[in-house]
Amino acid sequence: MITRFAPSLTGYLHLGHVLHMLYVWGMARKMGSNVLCRIEDHDLSRARPEYESAILETMEWLGFVPDLGMSIASATGSSDFRQSDCTNHYQAVLQTLEKRGLVYGCTCSRKEIQQVMSGGTVSSRSADAEEGISRELCYSGTCSEKGLPLEGNTVRFRTLEGETVFQDLKLGEQRQNPRLQCGDFSLRDRNGQWTYQFACVCDDIRHGVDLVIRGEDILFSTARQIQLFKTLEAPVPGYFHHPLILDSTGNKLSKRQRSESITQLREQGASASELIGKAAFLGGLTETEQSLTCSEALLLFDK
Ligand SMILES: [Zn+2]
C-alpha cells in the first residue's frame, strides 16, 4: 500500500500539519503502507518555491521520513514528485478526457456564475457572512454545449449524475452529489493553472496511491476525486478523514500566520518532541499534553 503526505508551497508547516503527519505516518504504520511525499505546487500563481526546502527540512527535524518521493536529500533538480515539473503529464490526461468529450471550455466569471445561481441578483457577501453561510459556487453548465476551446478558458469536467457513495475508513458511509454541490468543476483555470482536484488525482493514479488520508475540512470534495478516478478507469483509493486542530475562534489553523509556524516555534526553542506532543494533544490523540518523539507518537495508532 502507498499513502502520501503532500504539502502545498503556500506557507510554513504548523501544528495542524504535525497532526496530519501523525495520522499519515501512524495509519501507514498500522496498515503496513509506505509514505510517499509529493510537493503540491500545481498553482504557480500561489506556490512559493522557497517553502519547499523549509518544509522538507522541518519534516526531517520532526522525524517524519518518507519511504518514497521528495525528501531533503532528493530536492535538487526536476522531480516526478513535484507538481510544477509534471505539467506534461496533466496535459496528456486532459487530452484523453477531451477526446472522450468529457471536458469543455468555459468563459464564465465567478460573478456570472453567482448571478445564475441566485436567479439574476448577486447576494451581498456581508449578508452571507451574517448568516454564517460559506456558500460554494455551483456551476450550472452555461457553456457545456458551446464547443468553446480549452486553451485560454476555464476547463470544466462533466460531472456524473447522481450520488457518489463511499466508505470513509474513519467516518463510515458518505454520500455526496457533486452535480448539486459544485456542478461541472474546473480542472484548469483560464490562466492555465491546474486545479488541486485534478493534479492530485492524476498524481495519485501514476504514483499508485491506494490510501488517502486527509483532514475533515475537505471531506465535502471527495466525491469529485472519486468521479475522476472512475472516469480515468483507475482504482479508487481508500479515504480516511481525520479531525483538525482548531484555533481559539473555532477556525482551522492558517498556514499564512508565520507566528504559529513550526519554524518560528523552533526558533523560540521548542523541541521536536514538545511540538509533536502538543499536536497530538490538541488533536485529541492524547488526554494530557506530554512530550513525544515521532516514533513514540506513532505507537498511539496501534490501539
Ligand atoms: Zn461557462
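**Figure 1. Helix α7 and the glycine that follows it.** In this predicted model, α7 gives way to G208, a residue with a positive phi near 70°. The helix itself runs over residues 196–206 and is mostly covered, with 8 of its 11 residues buried. Those buried positions are Q197, F198, A199, C200, V201, C202, D203 and D204. Their cover includes the helices α3 (87–99) and α8 as well as the strands β8 (186–188) and β9.

**Figure 2. Helix α10 and its packing partners.** The buried residues of α10 are A272, L275, I276, G277, K278, A279 and A280. They pack against four helices, namely α1, α2, α9 (262–267) and α11. After α10 comes G284, for which phi is positive and near 80°. I276 touches V18, L62, L292, T293, C294 and A297, when residues up to four places away in sequence are left out of the count.

**Figure 3. The contact between the two domains.** The protein chain is divided into domain 1, formed by residues 2–84 together with 245–302, and domain 2, which covers 85–199. The centres of the two domains, taken over C-alpha atoms, are separated by 29 Å. Domain 1 brings 10 residues to the contact and domain 2 brings 7 residues. On the side of domain 1 that touches domain 2, the residues comprise 1 nonpolar, 6 polar and 3 charged.

**Figure 4. E233 in the loop between α8 and β10.** E233 is found in the loop that joins α8 (222–231) to β10 (238–242). Its phi is near 55°, a positive value in a residue other than glycine. E233 is exposed, because 8 other C-beta atoms lie within 10 Å, and a residue counts as exposed at 12 or fewer.

Figure 5. Where pLDDT is low, the predicted coordinates should not be read in detail. For the protein chain, the average pLDDT is 91, and 93% of the residues score at least 70.

**Figure 6. The whole chain, as context for the close-up views.** The secondary structure of the protein chain amounts to 11 helices and 10 strands. The radius of gyration is 20 Å, close to the 19 Å given by the globule rule for 303 residues, so the chain is as compact as a globular protein of that length. Along its principal axes, the C-alpha trace spans about 60 × 45 × 40 Å. Of the 303 residues, 37% count as buried. Among contacts with a separation of 6 or more, 76% are between residues 24 or more positions apart.

Conventions. Residues are numbered from 1 along each chain as its sequence is written. This is a predicted model: local features need pLDDT of at least 70, side-chain atom pairs count only at pLDDT 80 or more; totals for chains, interfaces and linings use all residues. Two residues are in contact if their C-beta atoms, placed from the backbone, lie within 7 Å. Helices (H or I, at least four residues) and strands (E, at least two) are DSSP runs, numbered from the N terminus. A residue is buried if 20 or more other C-beta atoms lie within 10 Å of its own, exposed if 12 or fewer, and partly exposed in between; C-beta atoms are placed from the backbone. Domain bounds come from an automatic or database domain assignment. Ala, Val, Leu, Ile, Met, Phe, Trp, Tyr, Cys and Pro count as nonpolar, Asp, Glu, Lys and Arg as charged, and the others, Gly among them, as polar. The radius of gyration is taken over C-alpha atoms; the globule rule is 2.2 Å times the number of residues to the power 0.38. pLDDT is the predictor's confidence in each residue, from 0 to 100.
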